[in-house]
Amino acid sequence: DWDTGQVWIWDAHQGKRLLELQTNRAGRTWSVQFSPDGRRFATAGDNGIKVYQIDTGKSGDDRGGLEIKLVNSAPAASQNLLFAPDGQTLAFDGNARLSRDFLSLWDLEKSSEPRTIDFQVPLGVQMESFTPDGHLLAVDQKGRIVTLEIPTGKQVPSFRFGKPQRNLADGICLSPDGALLAVGSESQRGVDIWDFRTRRRLYSLPDELGTVYWLAWSPDSRRLAIARDNGNIAIWNLDTVGQILTGLGLNP
């Protein structure tokens, strides 16, 4: 819930709300994400980071057979979080003692609390993305996209995508196959598509009304969803985009 600390669990097939977690006390909930194996999910917001365990082995009832248990929590206020591909590490922007813009890593299997690394990210809701091999892409304070080693947080020698953009839009998202990187444009209303392997920008999806707030790839890496602050969601089929550009002699 955007306006409170509550989190709702829905049956995606029936459109039925199964559970309400936490209380409706003040404090925004910014991000929610399931672990890759579906066994856990985590929430980020003004009231901190919370990690829940999911048990689907119960008999059917009004809760859809779900049992949800809080297993980890941290006081750091945060806007963004994401699970590593192995589901063991959680990355988020926030630190209870320093400030929200320090990046933290949490090994959920080995540590009872997160570890803050010496890397600052600008405030935003989607400023990090994991590669398939477990490296972390992150936007630094100057608007550069760099690669960090997990779990050390050490920068891995890599290129930077274009010139630094201090007002980089809220959004970088690497496709599941690691081939394409979607980056919010400098106008904050469009999205640039990069070939992650060749370090080349392929094309830009056009600006539309509303600031880009969230990017999400389909599991097959062929479609990209773009959510904006005005409530609009656009879904782009990038195979079709490529075919159109090829037909115009502009093969990306």
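1. Start at one residue pair. Val 212 stands opposite Arg 228, which sits in β20. Keep in mind that this is a predicted model.

2. β19 spans 212-217 and β20 spans 223-228. The two run antiparallel, and five bridges join them.

3. Next, widen the view to the sheet. Three strands form an open sheet in the order β19-β20-β21, and their pairing is antiparallel. β19 and β21 (233-237) are the edge strands, each pairing on one side only. On average, neighbouring strands here are turned by 20° against each other, with direction ignored.

4. What packs on the sheet? The helix α1 does, touching β19 and β21. The direction of α1 makes about 60° with that of β21.

5. Turn to the side chains. The largest nonpolar core has 16 residues. Within this core, Val 191, Ile 193, Leu 215 and Leu 224 touch the most other members. At least two core residues come from each of β16 (180-184), β17 (191-195), β18 (200-205), β19, β20 and α1 (238-247).

6. Finally, another core lies apart from the largest one. This other core has 13 residues, including Leu 82, Leu 105, Ile 117 and Ala 138.

How values were computed. Residues numbered from 1 in each chain as written. Predicted model: local features only at pLDDT ≥ 70, side-chain atom pairs only at ≥ 80, totals over all residues. Heavy atoms only, no water. Core = buried A, V, L, I, M, F, W, Y, C linked by side-chain atoms within 4.5 Å. Buried < 20%, exposed > 50% of the residue type's maximum accessible area, 1.4 Å probe, protein only. Helix = DSSP H or I, 4+ residues; strand = E, 2+ residues; numbered from the N terminus. Pairing = 2+ DSSP bridges. Axes fitted to C-alpha atoms, helices over the stretch in contact; angles between N-to-C directions. Contact = heavy atoms within 4.5 Å.
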